[in-house]
Amino acid sequence: MAIEPSKVYAVWLREVKRYTNSKSRIVSSLGMPLLFLAALGGGFSALVPGFNYQGFILPGILAMTILFTSIFSGVSIIWDREFGFLKEMLAAPASRQTLVLGRTLGGATTAIIQGLIILVLGTILTGTQIPSVAHMLGILALMVVLSCFLVAVGICVASLIQEAETFQLIMNLIIMPLFFFSNALFPIDKMPSWLQALSSVNPISYAVDGLRQLMIGTGTFSLWLDVGVSVGGLVVALVAASYLFSKTSI
Amino acid sequence: MDAMEVSGLVKKFNGFTAVDGVSFSVRTGELFGLLGPNGAGKSTTIYMLTTLLEPTAGSARVNGFDVHTQSDSVRGSIGIVFQDPTVDTRLSAYDNLDIHGRLYGMDAKLRKERIAEVLKLVELTEWQDKMVKTFSGGMRRRLEIARGLMHTPKILFLDEPTLGLDPQTRRHIWSYIEKLRKEGITIILTTHYLEEADFLCDRIAIIDHGKIKVLGEPKELKGALGGSIISVESREPQKLAALVMKMGCCKKPRIDELTVSFEAKDGGKLVPKVMEAAFGAGIEIESIEVHMPSLEDVFIHYTGSNIREEKSGGSEFTAMRRAHGH
């Protein structure tokens, strides 16, 4: 069965409704990125005079917000399995691709909303001025690609690991390394070589690099490489998520 | 046309056979029960019929659609109320039904109408905008039933619909099921409550260790046991059982602690004879009782054990997942 837009919308709607139904979680999940930006950013800015470190890490913190929200959203299929809702989804007359796409777009929507809140607060906090509307649209497009990519990664993980107890493990083994072994907090050319190597193979680095170029005009790679890696990652992750999710059983 | 035809269905999990060659057919409009202890293979059978599990062997047609090759058509034409809760607790009752309707391809107008209808049926109308996490177990189960009916399925699967509910709520759920039966919907119900199967079902299949032991109307199954059951309590049940066998009353009396039970055509007339024989053999009788066979007696007759004696090591599904290696 093919992908049915109205059913993709149903799955999307469920994700978005769940998100808007839990306002306390929206607020609490903004805390960590803002702390990083204010305390870590503020501290290092004072340590390295003449370098707007806060502005430098704003794209990294934006990516971090999207990273956490998206992967958790994808991985939350594990909770759906635990609490039963997955059966309702799998028993519905909708193709697995429809479910994966709806889930991806739904999770991405929540991550983008979280990201936009951080972007607005962050630009005010760091005094960053986004050069033009075109730049802003570019940032938005990269946010969409990055969040869809990461939700799909989360779906892959949830399809492979079926136990709710492994949730914490995912946090430590996937999300944290993806964040810290990237250029989110440090410029890639100033890193020790081992970290440089890890960061260069981390797709997050390319998204951060792209966001950074569009926000503050500095970067390491070419913008096209950043976009290429991000879109490529998205395609691979979506195909993998569709395949792995179709193998999943109640 | 029958609503469902099942033939030779088998499901194995890593060498463990959960369902072992099950065949039956369900008539349109009937309330068909699968009765068996935990782990008998009821839920696994339901999962195969609802296309959530691939059978290892065998075939089944549901509403005329093959579960293997036409699984989408099967899924669109059935409603399922699972044993474990599957409603989204972080959505309102209304949204749970609305999203379900969308997943089943219902348009906005029809969704609105049906939501009002099914909420009224399960008496949750005034709770429609409340988050499901604030609902009691009974309310959640009612919402699940409403959701299973939302898209007006031709066949409704109810997997242990009253499991873990208090007697009052159970009666309540039974009355909904009765209402549905009157509307002519075909219902497949699994249960390990004998009184539930007896009270609700037109026909039942007793399933144990993955096999159907017997199938028929509850009345017919009880009648087949030979009229009455005699239970005699004594301090020497072994001796008494031997005596009963010698008298030719029955081939294999059942001993349960101090009570010896056996089936008899004309129980009332046999009582004095048994007492006399026991007196003659010097066996002291504590009490003697004659009763009409219940579904429990039917169950014991065909499976050789009491349904409550079965060890329930968690639900069938956890056992299945363990066998699956998760």
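Good morning. I begin with helix α10 of chain A, residues 203-216, whose 14 residues reach 20 Å from the first C-alpha to the last, close to the 20 Å expected at 1.5 Å a residue. Please bear in mind throughout that this is a predicted model.

How much of α10(A) is covered? Of its 14 residues, 13 are buried, and the helix is thus described as mostly covered. Just after α10(A) comes G217(A), which takes a positive phi of about 80°.

Let me turn to a partner of this helix within chain A. Helix α3(A), residues 53-75, has an axis that comes within 9 Å of the axis of α10(A), and the two cross at roughly 135°. Because of that angle, α3(A) is oblique to α10(A). The crossing of these two helices is right-handed.

Which residues meet here? On the side of α3(A) they are G55(A), F56(A), L58(A), P59(A), G60(A), L62(A), A63(A) and L67(A). On the side of α10(A) they are I204(A), A207(A), V208(A), L211(A), R212(A), M215(A) and I216(A). By class, this contact of α3(A) with α10(A) has 12 nonpolar residues, two polar and one charged.

I now move to the contact between the chains. Chain A gives 24 residues to it, and chain B gives 23. On the chain B side, α2 (71-77) and α3 (93-103) each supply at least two residues. Which element of chain B provides the largest share? That share, four residues, comes from α3(B). The residues of chain B that touch chain A divide into 11 nonpolar, five polar and seven charged.

Across this contact, one helix pair deserves a separate description. The axes of α1(A), residues 5-21, and α3(B) come within 8 Å and cross at roughly 160°. The angle therefore makes α1(A) roughly antiparallel to α3(B). In handedness, α1(A) passes α3(B) in a left-handed crossing.

The contact is made on the α1(A) side by S6(A), K7(A), Y9(A), A10(A), L13(A), R14(A) and K17(A). From α3(B), the residues are D95(B), I99(B), R102(B) and L103(B). By class, the residues of this pair divide into five nonpolar, one polar and five charged.

To close, I place the two helix pairs side by side. Within chain A, α3(A) and α10(A) cross in a right-handed sense, with 12 nonpolar residues and one charged in their contact. Between the chains, α1(A) and α3(B) cross in a left-handed sense, with five nonpolar residues and five charged. Thank you.

Technical notes: Residues are numbered from 1 along each chain as its sequence is written. Chains are lettered from A and ligands numbered from 1 in the order in which they are written. This is a predicted model: local features need pLDDT of at least 70, side-chain atom pairs count only at pLDDT 80 or more; totals for chains, interfaces and linings use all residues. Two residues are in contact if their C-beta atoms, placed from the backbone, lie within 7 Å. Ala, Val, Leu, Ile, Met, Phe, Trp, Tyr, Cys and Pro count as nonpolar, Asp, Glu, Lys and Arg as charged, and the others, Gly among them, as polar. Axes are lines fitted to C-alpha atoms, for helices over the stretch in contact, and angles run from 0 to 180 degrees between N-to-C directions. Angles under 35 degrees count as roughly parallel, over 145 as roughly antiparallel, 65 to 115 as roughly perpendicular and the rest as oblique. A crossing is left-handed if the near helix is turned anticlockwise from the far one by less than a right angle, and right-handed if clockwise. The expected span of a helix is 1.5 Å times one less than its number of residues. A residue is buried if 20 or more other C-beta atoms lie within 10 Å of its own, exposed if 12 or fewer, and partly exposed in between; C-beta atoms are placed from the backbone.
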